[in-house]
Amino acid sequence: MAVGIGFWKYGNDKPGVSLSLLEQEIPDLPDNEVVLFAQNDKMQLKDEASVKYREDGQPELDEQVVKKISGREKEDARKAINQIVVPKGRKADIIFSDGTKMYVNAGSRVIYPAVFEKGKREIIVEGEVYLDVKKDPARPFIVKTKDFEVKVLGTQFNICAYKEDLVSSVVLVEGKVEVETTNKEKAVLSPNQLISIDDEGTEVKEVDVFEYICWKNNMMLLNNRTAGDVFERLSRHYGRQIMYDGEVKNIPVSGKLDLREKPEEVVNILCQSLYLTYDVDENKNIIISKK
């Protein structure tokens, strides 16, 4: 975390949060550490860090901070726009100033005000998060991504919107949400429904929501997934490169994985059940092949 790099400037004179913030350059980050930007401070946090914001916008971090670089000028906490960056192989959770709780999955970043405005609550998500939104009829909660917006009053739902993925999704656990895409397509979800969004449009279907939210409990439930999809998700979760060839990619997989284990142990379980084999090279890359 080099001191010579300037801190990320958000332009706090503008109301709300704009998707243009995703395009702004941020300082170089450590490859495998959670980083929080708050009030011009850059803080390296422990894995699975829990950040709680007070009503005045000050984050309560306790012993979560590993390293901190302070900016020259302190921002007013109530006007500050914060960002958390969670790399592959790490997770974190946040309780916002309004009481809303958010779990942030590996390979994700979230931009949000330290204190929400009086008339609305807005955040920007790139990656995957699970939200338990505090009910507040006077202030709708809006989640913005590059492909869509989700509007709620108080509910629980999961958003998956990684920039490298071809398909984004929203899964509703309870309550009701409205999803609007950048193409102005709208859909209102009921509990146990998923909307998938790609270049061809949207699709709404009934699902087992546990499959889509169990990541926050360090589990992976697989219902007719492909091996390629599973290995890509494991690579993101553990922050380890997992390579496989075309023969492996489309093998169907179902079952449950405990993600508390080491990546080699999880891969070994999959390989045994799918009649595959694996090796680990000198760079700790995991290489999958048929026996």
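For the classes used below, Ala, Val, Leu, Ile, Met, Phe, Trp, Tyr, Cys and Pro count as nonpolar, Asp, Glu, Lys and Arg as charged, and the others, Gly among them, as polar. The model is predicted, with local features needing pLDDT of at least 70 and side-chain atom pairs pLDDT 80 or more, while totals for chains, interfaces and linings use all residues. Residues are numbered from 1 along each chain as its sequence is written, and side-chain values use heavy atoms, without hydrogens and water.

**Exercise 1.** Find which residues line the second largest cavity, and sort them by class.

*Solution.* 
- Start with the rule: on a 1 Å grid over the protein atoms alone, a cavity is a set of points where a 1.4 Å probe fits but cannot get out, a pocket is an open set with protein on both sides within 12 Å along at least five of seven lines, and lining residues have an atom within 4 Å of a point.
- Next, the volume, the space filled by probe spheres set on points joined across faces, edges and corners, is about 30 Å³ for the second largest cavity.
- Now list the lining: Leu22, Val125, Glu126, Lys146, Ala161 and Lys163.
- Sorting gives three nonpolar, no polar and three charged residues.

**Exercise 2.** Describe the largest pocket and say which element gives the largest share of its lining.

*Solution.* 
- The largest pocket holds about 1,200 Å³ of space.
- Its lining has 39 residues, and Asp165, Arg225, Asp229, Arg233 and Arg236 are the closest to the centre.
- By class, the lining divides into 13 nonpolar, 13 polar and 13 charged residues.
- The largest share, seven residues, belongs to H2; helices (H or I, at least four residues) and strands (E, at least two) are DSSP runs numbered from the N terminus.

**Exercise 3.** Check the span of H2 and work out how enclosed the helix is.

*Solution.* 
- The expected span is 1.5 Å times one less than the number of residues.
- With twelve residues, H2 reaches 16 Å from first to last C-alpha, close to the 16 Å expected.
- Buried means under 20% relative accessible area, exposed over 50%, and partly exposed in between (1.4 Å probe, protein chains only).
- Nine of the twelve residues in H2 are buried, so the rest of the structure largely encloses this helix.
- Among them are Val230, Phe231, Leu234 and Arg236.
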